[in-house]
Amino acid sequence: MSGNIELLNTTLAAAKAADRAALIAYLPAGFPTVDGGIEAVKAVVEGGADVVEVGLPHSDPVLDGPVIQTADDIALRGGVRIADVMRTVREAHEATGVPILVMTYWNPIDRYGVERFTAELAEAGGAGCILPDLPVQESALWREHADKHGLATVFVVAPSSQDARLATITAAGSGFVYAASLMGVTGTRASVGAQAQELVGRTRATTDLPVCVGLGVSNAAQAAEVAGFADGVIVGSAFVKAMLDAPDEAAGLAAVRSLAGELAEGVRKR
């Protein structure tokens with residue numbers, strides 16, 4: 001079975017045709033429970049998210065700040081497994097019809113087996129993977145299997161990336177390019193970072209792929225700001241924090257649905 005890279009491509013193209021950025025939401029699988037995580041994905045899509053990244057909880061999440069680390073710890077202590085991540089992708093995609101990617105570090109895939117992981121992700125209806133710690137020069141095996149199964153390979157670029165390095169990364173990627181708005185880990189911030197717009201411009205000079213910005217976006221005003229220069233606005237920690245701060249799961253789902261609505265309005269006001 002082929003994965004849903006084409007659905008991802010058409011979804012991002014449709015947002016561009018509507019003269020707006022896409023809203024991309026991140027939520028970890030297994031948080032607060034596997035079933036609760038699936039419901040959370042449904043809630044952000046109901047609120048207005050165009051694309052969802054499902055995080056694969058990892059014990060050493062080098063890109064993630066304390067909010068997502070806390071959620072990952074809850075999921076891992078709850079016994080989440082890769083099979084639960086695949087179930088989250090499958091059930092969330094079947095319920096919403098939107099493209100769902102997995103955001104994961106390389107070690108879990110390497111241990112699970114690249115062929116097995118890509119085949120199962122495609123069978124679950126996944127659109128691809130975001131791989132923040134996989135060096136592009138070591139990605140040939142992954143990309144071979146991802147291409148075979150119709151999955152996007154999304155690499156992360158940072159303000160520190162030199163132009164030649166950007167060209168190497170974007171030439172190897174597919175789906176979109178994840179532009180980290182600042183140096184550091186995920187988390188909500190008072191400002192998105194002036195480096196983000198420059199990074200988007202430098203990245204666009206190397207590729208026709210959509211360039212989507214993440215790290216630090218937490219409210220409608222920031223979403224509108226980033227939507228003014230990026231093809232997509234990626235929000236993670238703000239959704240996770242809304243779930244963590246809620247007194248119960250029902251309140252958490254209502255909170256992420258409402259936040260998605262505010263952010264979706266923001267990306268349309270760029």
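Which residue in strand 8 is the bridge partner of A180? Select A180 and look across: the partner is G214. Before going on, note that this is a predicted model, where local features need pLDDT of at least 70, side-chain atom pairs count only at pLDDT 80 or more, and totals for chains, interfaces and linings use all residues. Residues are numbered from 1 along each chain as its sequence is written, and side-chain values use heavy atoms, leaving out hydrogens and water.

**Stop 1: the sheet.** Now select residues 177–180 (strand 7) and 211–214 (strand 8), which run parallel and are joined by four bridges. Strands here are DSSP runs of E with at least two residues, helices are runs of H or I with at least four, and both are numbered from the N terminus. Two strands pair if DSSP finds at least two bridges between them. Zoom out to find nine strands in an open sheet, paired in parallel, in the order 5-4-3-2-1-9-8-7-6. At the edges, strand 5 (152–154) and strand 6 (156–157) each pair on one side only.

**Stop 2: helix 11.** Select residues 237–245. The buried ones (under 20% relative accessible area, 1.4 Å probe, protein chains only) are S237, A238, F239, V240, A242 and M243. Their cover includes strand 1 (22–28), helix 2 (34–47), helix 3 (66–77), strand 9 (232–235) and helix 12 (249–267), with contact meaning heavy atoms within 4.5 Å.

Note on methods. Buried < 20%, exposed > 50% of the residue type's maximum accessible area, 1.4 Å probe, protein only.
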